[in-house]
Amino acid sequence: MSRVVVTGRIPEAAIEKLRAEHDVDAWAGPQTITREELLRRVAGADAIVSLLTERVDAELLEAAGPQLKVVANVAVGYDNIDVPACTQRGIVATNTPGVLTEATADIAFGLILMATRRLGEGERLIRSGQAWKWGMFFLLGSSLQGKTLGIVGMGGIGQATARRAKAFGMEIVYQSRSEVDPQIAAELDARRVDLDELLAVADVVSLHCPYGPATHHLIGAEQLAAMKNSAFLINTARGPIVNEDALATALREGVIAGAGLDVFEKEPSVHPELLGLDNVALVPHLGSATVETRTAMAMLAADNALAVLSGEQPPAPIA
C-alpha cells in the first residue's frame, strides 16, 4: 500500500475512498497545519493531497522524498504549487477544475448584487439597531438591466457568470487569452475586447483569470482610473490580482462606485481600510463553499491521486 498524506480537513467520503486502497495520514486538527508539522508528515509520502492553504514548493518536495509521485490539489487554482519543481522531479500535479464552476459563479453574481444594490450596507444598518425609514432616496443602488458586464478571463467560471448576467439583461464583453467557442459566444452574445476597452465600457468588471506573474496586480491604480466612476469591481479569482492599496484609495475617493471581494491579497488578512468602507462587499473566500461542491472537489482530488498511484492518467492533470 502507498502512503497518502492529506494536508488538511476534507470530506470523509474522499478519505474513505483513499483508505480503501492506501495508507492515509490525514490532518484532522481544527487549525491549519503548521509548516513544521507539514514537513514532518510528508516524509515518505507517495501522494500528497493538498489544500490551497499549503505551499507545495521545492522544500516540501525534498522533505517528502524521491518516492513522491503525485500532488493532488483540492482547488482549481494552483498558485500554491510550484509546478515546475514538480515536473523537474517527475511528480504529477493535479487540480479540480469544472466541479466548482457553478458555485463560484453563484458567489460572483451574489457579490455583483451585494455591491450594486448595497445589500451589505442595508444589513449592517438593520443589525446595528439604528432607526431607519423607507424613503424615495434611501440606500439607492444601481440596476443591472441594460448594463455591461466585463469578464476578465472567460474560462468556465467566467462563462457561467456571463450566463447569469445574461438572464439579468446585461450585455457581455470579455477579455481572454483566446476566443471562446463561437457557439458559446453566440449564446451569450459576448464580444471579445482588449482589457483597456473592457475597463472603459463595463459597468461591472468581474475577474476570473488565473493568478500568476502575468496577472499579479493586473488591476491597479491605472486600471481603476480607466473604469467608469459608476462602475463596480468583483473579484472571485485570487486576491493578488488586485492591488488592494489602489482599490482602497479608488473606493474612498469615488474613482469607482464599489466592489465585491471573495478573495484578498494577503488572505486571510484584509486590508484595514477596506474594512471601514461601506461601498465594498466582503466575504471570506466562499466561492466553492457548498457541501456538494467541496465534496466533489475532494473526490476528484482523490481520483487524481489514485489514478497516478495506479500508473494511470489522472482525470485532471495540471498542464
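## Helix α1 and its cover

The buried residues of α1 are covered by elements that include the strands β1 (3-6), β2 (23-26) and β3 (47-50), along with helix α13 (291-309). This is a predicted model. Helix α1 itself spans residues 12-19, and Ala-14, Ile-15 and Leu-18 are buried in it. Looking down the axis of α1, these buried residues fall within an arc of 100°, so they line one face of the helix.

## α1 against α13

Helix α13 also packs against α1 as a helix pair. The angle between α1 and α13 is about 15°, and their axes lie 8 Å apart. Angles under 35 degrees count as roughly parallel, so α1 is roughly parallel to α13. Their crossing is right-handed.

On the α1 side, the contact is made by Ala-13, Ala-14, Lys-17 and Leu-18. On the α13 side, it is made by Ala-298, Met-299, Ala-302, Asp-303, Ala-305 and Leu-306. Sorted by class, the contact of α1 with α13 has 8 nonpolar residues, 2 charged residues and no polar ones.

## α5 against α7

α5 passes α7 in a right-handed crossing.

From α5, the contact draws on Thr-101, Glu-102, Thr-104, Ala-105, Asp-106, Ala-108 and Phe-109. From α7, it draws on Gly-156, Ile-157, Ala-160, Thr-161, Arg-164 and Ala-165. The residues of this contact between α5 and α7 divide into 6 nonpolar, 4 polar and 3 charged.

## Ile-107 in α5

Ile-107 also sits in helix α5. Its relative accessibility is 23%, so Ile-107 counts as partly exposed. Leaving aside neighbours within four places in sequence, Ile-107 is in contact with Thr-236, Asp-262, Leu-286 and Gly-287. His-285 is 178 residues away from Ile-107 in sequence, yet the two are 9.4 Å apart in space, C-alpha to C-alpha.

## Ser-176, a buried loop residue

Ser-176 lies in the loop between β7 (171-175) and α8 (182-188). Its relative accessible area is 16%. Buried means under 20%, so Ser-176 is buried. Not counting residues up to four places away in sequence, Ser-176 touches Gly-153, Met-154 and Arg-192.

## Backbone features in the loops

One is a cis peptide bond, from Glu-267 to Pro-268, with omega near 10°. Pro-268 is placed in the loop between β11 (258-261) and α12 (272-275).

The others concern phi. Arg-118 is not a glycine, but has a positive phi of about 60°. Arg-118 is found in the loop between α5 and α6 (119-128). At 28% relative accessibility, Arg-118 is partly exposed. His-217 also has a positive phi, near 55°, and is a residue other than glycine. The loop between β9 (204-207) and α10 (221-226) holds His-217. Here the relative accessibility is 26%, so His-217 counts as partly exposed.

Terms used
Residues numbered from 1 in each chain as written. Predicted model: local features only at pLDDT ≥ 70, side-chain atom pairs only at ≥ 80, totals over all residues. Heavy atoms only, no water. Buried < 20%, exposed > 50% of the residue type's maximum accessible area, 1.4 Å probe, protein only. Helix = DSSP H or I, 4+ residues; strand = E, 2+ residues; numbered from the N terminus. Arc of directions from axis to C-beta. Contact = heavy atoms within 4.5 Å. Left-handed = near helix turned anticlockwise from the far one by under 90°. Nonpolar A, V, L, I, M, F, W, Y, C, P; charged D, E, K, R; others polar. Axes fitted to C-alpha atoms, helices over the stretch in contact; angles between N-to-C directions. Parallel < 35°, antiparallel > 145°, perpendicular 65-115°, else oblique.
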